[in-house]
Amino acid sequence: MTKPLNHYFKEQMNYNKQNIKWSSILILILFIQPIFSQELSTATLEKIYDGGKSFTTPLKQGQIESLKKANPPKDTWLYSKLEEYKNQLDSENIIYGEIVMPSADEKFYSYNLFAYDIKKEFYYFVAIVSFEITNSDAKMKTQYLFTEKKSLKDWWKRAFGFYESELIKKIPEKYLFKTCPPPPFKD
């Protein structure tokens with residue numbers, strides 16, 4: 001009679017060890033998960049927004065002379081397109097949009113500024129300032145400028161993907177353009 005009782009206690013102990021093991025794993029996941037999903041504080045989002053805005057303001061104001069001698073990568077931007085924008089600065093047809101977006105792995109966030117002509121239906125430019133997120137700090141890493149169809153199309157696909165994803169829910173409306181920006185192509 002003691003043999004079956006010992007067997008019963010051994011089974012209970014194994015069952016309890018299993019439950020403790022799974023409970024420990026679950027608790028560990030719950031504690032570690034926020035580290036990987038980088039829920040950004042308002043202060044960090046504000047730092048991204050302010051840093052991006054301050055970096056792109058001269059471009060928005062038409063101060064493009066410093067870019068005249070630049071040698072941009074192929075299919076990204078042309079100085080002549082920025083001159084065209086500068087000549088249209090006072091146009092009522094230009095709308096500006098700002099978007100703060102996470103990258104796919106959420107290690108980087110970017111401030112995106114675009115200038116779009118609603119009458120001509122084209123982008124004068126898209127300027128992107130990328131920030132690396134470490135802990136609750138945001139450090140400016142890379143800047144991009146697009147005026148050309150291929151790069152604008154690639155940017156828009158990422159923006160569209162963001163607007164259609166669950167990630168958009170992590171960004172307060174203050175840091176978003178009210179709708180997904182219009183596509184830079186007609187097809």
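Student: How many strands does the open sheet have, and in what order do they come?

Tutor: In this predicted model, the open sheet has four strands in the order 1-2-3-4, and their pairing is antiparallel.

Student: Which strands are the edge strands?

Tutor: An edge strand pairs on one side only; here these are strand 1 (94–102) and strand 4 (137–146). Direction ignored, neighbouring strands of the sheet are turned by 15 degrees against each other on average.

Student: Over how many bridges do strand 3 and strand 4 pair?

Tutor: Strand 3, residues 122–134, pairs with strand 4 over nine bridges in the antiparallel sense.

Student: Which strands does helix 2 touch?

Tutor: Helix 2 (residues 42–60) packs on the sheet and touches strand 1, strand 2 (108–117), strand 3 and strand 4. The direction of helix 2 makes about 145 degrees with that of strand 3.

Student: At what angle to strand 3 does helix 3 run?

Tutor: Helix 3, residues 79–87, runs at about 110 degrees to strand 3 and lies across strand 1, strand 2, strand 3 and strand 4.

Student: Now the loops. Where does E121 lie?

Tutor: E121 is in the loop between strand 2 and strand 3. E121 is not a glycine, yet has a positive phi of about 55 degrees. Its relative accessible area is 48%, so E121 counts as partly exposed.

Student: What about N135: is this residue buried or exposed?

Tutor: N135 is exposed, with 72% relative accessibility. The residue sits in the loop between strand 3 and strand 4. N135 also has a positive phi of about 55 degrees without being a glycine.

Definitions and conventions. Residues numbered from 1 in each chain as written. Predicted model: local features only at pLDDT ≥ 70, side-chain atom pairs only at ≥ 80, totals over all residues. Heavy atoms only, no water. Pairing = 2+ DSSP bridges. Helix = DSSP H or I, 4+ residues; strand = E, 2+ residues; numbered from the N terminus. Axes fitted to C-alpha atoms, helices over the stretch in contact; angles between N-to-C directions. Contact = heavy atoms within 4.5 Å. Buried < 20%, exposed > 50% of the residue type's maximum accessible area, 1.4 Å probe, protein only.
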